Amino acid sequence: MRPISIVQHEDFRLHETPGYHPESPERLAAIDEALQKSDLANEVVQLKSRMVKEDELCLVHDPAYIEQLAKRDQQAKERNRTIGLDGDTFLSPASFDIAKMAVGGGLNAIESVKNDHFLSSFVSVRPPGHHARIRHHMGFCIFNNIAVAARYAVDHLGYKRVMILDWDVHHGNGTQEIFYSEPAVCFLSLHQFPFYPRNSGWFTEDGDGEGKGFNINIPLPEGTGDRGYLAAWDAIVTPIVHEYEPDLILLSAGYDAHIDDPLGQQRITTVGFAMLAQRLLDLSNATGAKVVCFLEGGYDLTALAESVVATMRVLSADSEERSAEVHVSYIMPNNATGKQPVTGDRFANEVDDRIEQVRKHFSNYWKCLRP
Ligand SMILES: [Zn+2]
């Protein structure tokens, strides 16, 4: 198997949210349990996390925002209870420190692929990060874990071109905001549209200044399914990654586009995620860029855990035989979800029209997308 590392620790469950909240500590327990039952259990190498330093957070966040959070942290600790930062983002007494550990875990993962023999790494932490903006918490996110890691990779580890791919069902608006004018970090998001955040993630939001054309949104209609996601990947993601030639690929790995997810309606199956992960591995092999995945959303515990493990198993396959073995294990009936997978026929025209619109728009910036 190809060496793969993981950042995970029981402490990440100490970030508490109200009982009704989908972003629960149980998510990480489910992932760990599925991993332990899988053939990766004895293969994957555990990485330690660390507390991110303030100046590292300031690579992407405003110091005044961090100061404001520190005050709220004080309040949560004094009252010894969970407080609401906004309608859906919460801070429990441990959350501020745990959020800093989550970011630090991401930095350790980046270093593990830079310095060690790991070809990929999975950062299985919470709170998630891709909605966190320069000056605002948002949508369950406190700090933007993947954005700090990307900035750190460029500023401190000598990476020249970092590709951030985001397949969470929601638009990664925080990551977009942070790198909107930055060509050294190319951001590409596939997401349900219209959806949360409202009016965010249309393809005409395509970057600014030197970053023009390096912010790529692929807004997909509700119900896109496996076929549509794979079609969008093949038509847009693969050619752009080949042309950009990244030296590092980061993935905002959300699994709320899964067919069983209670929040999203995109109907990707676990098989679909395995196939997307295979394309990610193919891009890694073709460009030589290593891959670090950052857990974002995903709220059905079984679907989340299965899909995370599927992603890791695909990424760790070291031969075509092994890849085939992994894929077959998800296609066999005893692993089926019991629901009818969507082939996309009903939506095919709408999805393909959207992909064509996006291709046409970005052909202004990317030669590979021209006919
Ligand atoms: Zn999400």
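This is a predicted model: local features need pLDDT of at least 70, side-chain atom pairs count only at pLDDT 80 or more; totals for chains, interfaces and linings use all residues.
# Tour of the zinc site and the sheet

Start at the zinc ion: its site is irregular, with angles of 53 to 152° among the 4 donor atoms. Residues are numbered from 1 along each chain as its sequence is written, and side-chain values use heavy atoms, with hydrogens and water left out.

Select D168, H170 and D256 next. The zinc ion is coordinated by D168 (OD), D168 (OD), H170 (ND1) and D256 (OD), at 2.0 to 2.7 Å. Donors are N, O and S atoms within 2.8 Å of the metal (3.2 Å for Na, K and Ca); water is not among the atoms, so sites may look incomplete. H170 lies in the loop between β6 and α6 (173-178), and D256, 86 residues apart from it, in the loop between β9 and α8 (270-287). Helices (H or I, at least four residues) and strands (E, at least two) are DSSP runs, numbered from the N terminus.

Now colour the strands. The open sheet has 8 strands in the order β2-β1-β5-β10-β9-β6-β7-β8, with parallel pairing; two strands pair if DSSP finds at least two bridges between them. At the edges are β2 (45-47) and β8 (215-220), each pairing on one side only.

Finally, select β5 (residues 120-123) and β10 (residues 290-295), parallel strands joined by 4 bridges. F122 has C293 in β10 as its bridge partner.

Notes: Four donors count as tetrahedral if all angles lie between 85 and 135 degrees; four count as square planar and six as octahedral if opposite donors are over 155 degrees apart and all others between 65 and 115; anything else is irregular.
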